[in-house]
Amino acid sequence: MALLLRSVRLGKPLFKSSVLCFRAAPMGTTAKEEMNKFWAKNSSLNRPMSPHITIYKWSIPMMMSITHRGTGIGLSGAISAFAMAALILPGNYTHYLDLIHSLSVGPFLIGLAKFGIAFPVSYHTYNGIRHLYWDIGKGFKIPEVYRTGYTVIGLSVITSIALTLM
Amino acid sequence: CSVVCDKLHLQPIDFIKKLCMAAVRYAQTAAAAAVQPRIKKFQVYRWDPDTPGDKPRMQTYEIDLNLCGPMVLDALIKIKNEMDSTLTFRRSCREGICGSCAMNINGGNTLACLDKIDSNLSKPTKIYPLPHMYVVKDLVPDMSNFYAQYKSIEPYLKKRDDSKEGKEQYLQSVEDRQKLDGLYECILCACCSTSCPSYWWNADKYLGPAVLMQAYRWMIDSRDEFTEERLSKLQDPFSLYRCHTIMNCTRTCPKGLNPGKAIAEIKKMMATYKEKKAAAV
């Protein structure tokens, strides 16, 4: 609205003087125009991009956020792979269970595999609850972010160990 | 001596005392000047657009902290004044209110004028420009996109009826004014937006925490009548919803504000404003 008024006003002389000031074109750029100009200018000038992931200091909340994404992708992929395997591979469930039993893997490796499944499940679940807590607008002060974060890590480790030992 | 005592309105014993104290102070000052220099290393990102083929590099400067002010900006100014006048950076108020000196110091985004130099001499201070921004020169990033995004949210009071503009104050209750606390103090330094990995990857379409917090500032201003339109402008997958509550923004804000919370409040309003509109019809 202001932009329109500005462009109309500048079409005619503003004051009586021997020198008349004319502005034929409307002034000002829209936000979208400015953004386009920004991208065009910077790509043509070949300016470097300032470093980011290589220099930014890591923190617990940042690591927890990317771990949530990582475990989410891992779990999603594992379930899809399991589903595809169930659809495509010949033989039924008991056949593959016997196959795994026949492999002489020590209890340590079995435990490791169990932990490897239990930890992503528990971490993603507990951090998911933390995300839901954020979605209702609570726990946004930095000390609260750390407190809930440590709680999630603690619960995940305890639950994973418990599930592994079962 | 008696003439001096009379002139200064002092007893001779007091005059002797004062003379002794002055002598001690003089000796102390002389001793202080001979104290060991505390040399701190500063590693600063450098890039010159006017040198053809120049690549970004780190340059190390050494400063005696005994001869420098306490803040990182003091060190940068000392380097520019005494050691390397080509070092380029933005600065203005030197008191944390203008937002010009925003940069990445030791891995975190802050204002150089508010960040105390770490007196641990064994570790260098690493200074980079704000992350994932096009570099104009040395520590100066191109902020135009950030400003254009701010412009796009229409950060001014909008009323349905413009005819009453300028006639009277638009009254606001104390409770309504308190809702703006923690939002209006933003100095648009861009520390938060440039700390957000989502903004790093999607600076073209995601608005970033600073701009979103200002959008919220206008949404909840009781005097503004375009809340619904402001909300509907964010109704796409990118403008608001690239926020995944990473919370780097609130951690890094040099003014102690909470953009992460403001964004969460916007998301809550986004969930219900259409129902409110439908219910009102």
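This is a predicted model: local features need pLDDT of at least 70, side-chain atom pairs count only at pLDDT 80 or more; totals for chains, interfaces and linings use all residues.

Colleague: Fine, let's start with the interface. How many residues of chain B are in contact with chain A?

Modeller: On the side of chain B there are 43 residues in contact with 33 residues of chain A, and the area buried between the two chains is about 3500 Å², with carbon and sulfur atoms giving 66% of that area.

Colleague: And how many salt bridges are counted between chain B and chain A?

Modeller: The count is two salt bridges, one of which joins Asp142(B) to Arg47(A), where the closest N and O atoms are 3.1 Å apart. Across the same interface, 16 residue pairs are found in polar contact, with both partners at pLDDT 80 or more.

Colleague: Which helices and strands of chain B supply that side?

Modeller: At least two residues each come from strands E4 (108–111) and E6 (135–137) of chain B, and likewise from its helices H4 (144–152), H6 (197–201), H9 (248–252) and H10 (259–280). The largest share belongs to H4(B), which gives six residues. Sorted by class, the side of chain B that touches chain A holds 18 nonpolar, 18 polar and seven charged residues.

Colleague: Switching to the cysteines, how many disulfides turn up over all chains?

Modeller: The search of the whole structure finds zero disulfides. Cys113(B) is in no disulfide, because the nearest cysteine sulfur, that of Cys101(B), is 3.5 Å away and the cut-off is 2.5 Å.

Colleague: Is Cys113(B) buried or exposed?

Modeller: Cys113(B) counts as buried, because its relative accessibility is 6% and buried means under 20%.

Colleague: What about Cys189(B)?

Modeller: Cys189(B) is also in no disulfide, and its nearest cysteine sulfur, 3.6 Å away, is that of Cys191(B). With a relative accessible area of 8%, Cys189(B) is buried.

Colleague: Last one, where does Leu114(B) lie?

Modeller: Leu114(B) lies in the loop of chain B between E4 and strand E5 (125–128), and with a relative accessible area of 39% this leucine is partly exposed.

Colleague: Which residues is Leu114(B) in contact with, leaving aside neighbours within four places in sequence?

Modeller: Leaving those neighbours aside, Leu114(B) is in contact with Met71(B), Glu95(B), Gly96(B) and Pro254(B). Val72(B) is 42 residues from Leu114(B) in sequence, while their C-alpha atoms are 7.7 Å apart in space.

Definitions and conventions
Residues are numbered from 1 along each chain as its sequence is written. Chains are lettered from A and ligands numbered from 1 in the order in which they are written. Side-chain values use heavy atoms; hydrogens and water are left out. Buried means under 20% relative accessible area, exposed over 50%, partly exposed in between (1.4 Å probe, protein chains only). Contact means heavy atoms within 4.5 Å. Buried area is the accessible area (1.4 Å probe) that two parts lose on being put together, summed over both. A salt bridge is a side-chain nitrogen of Lys or Arg within 4 Å of a carboxyl oxygen of Asp or Glu. A polar contact is a pair of N or O atoms within 3.5 Å; within protein, one must be able to donate a hydrogen and the other to accept it, and residues adjacent in sequence count only if both atoms are side-chain atoms. Helices (H or I, at least four residues) and strands (E, at least two) are DSSP runs, numbered from the N terminus. Ala, Val, Leu, Ile, Met, Phe, Trp, Tyr, Cys and Pro count as nonpolar, Asp, Glu, Lys and Arg as charged, and the others, Gly among them, as polar.
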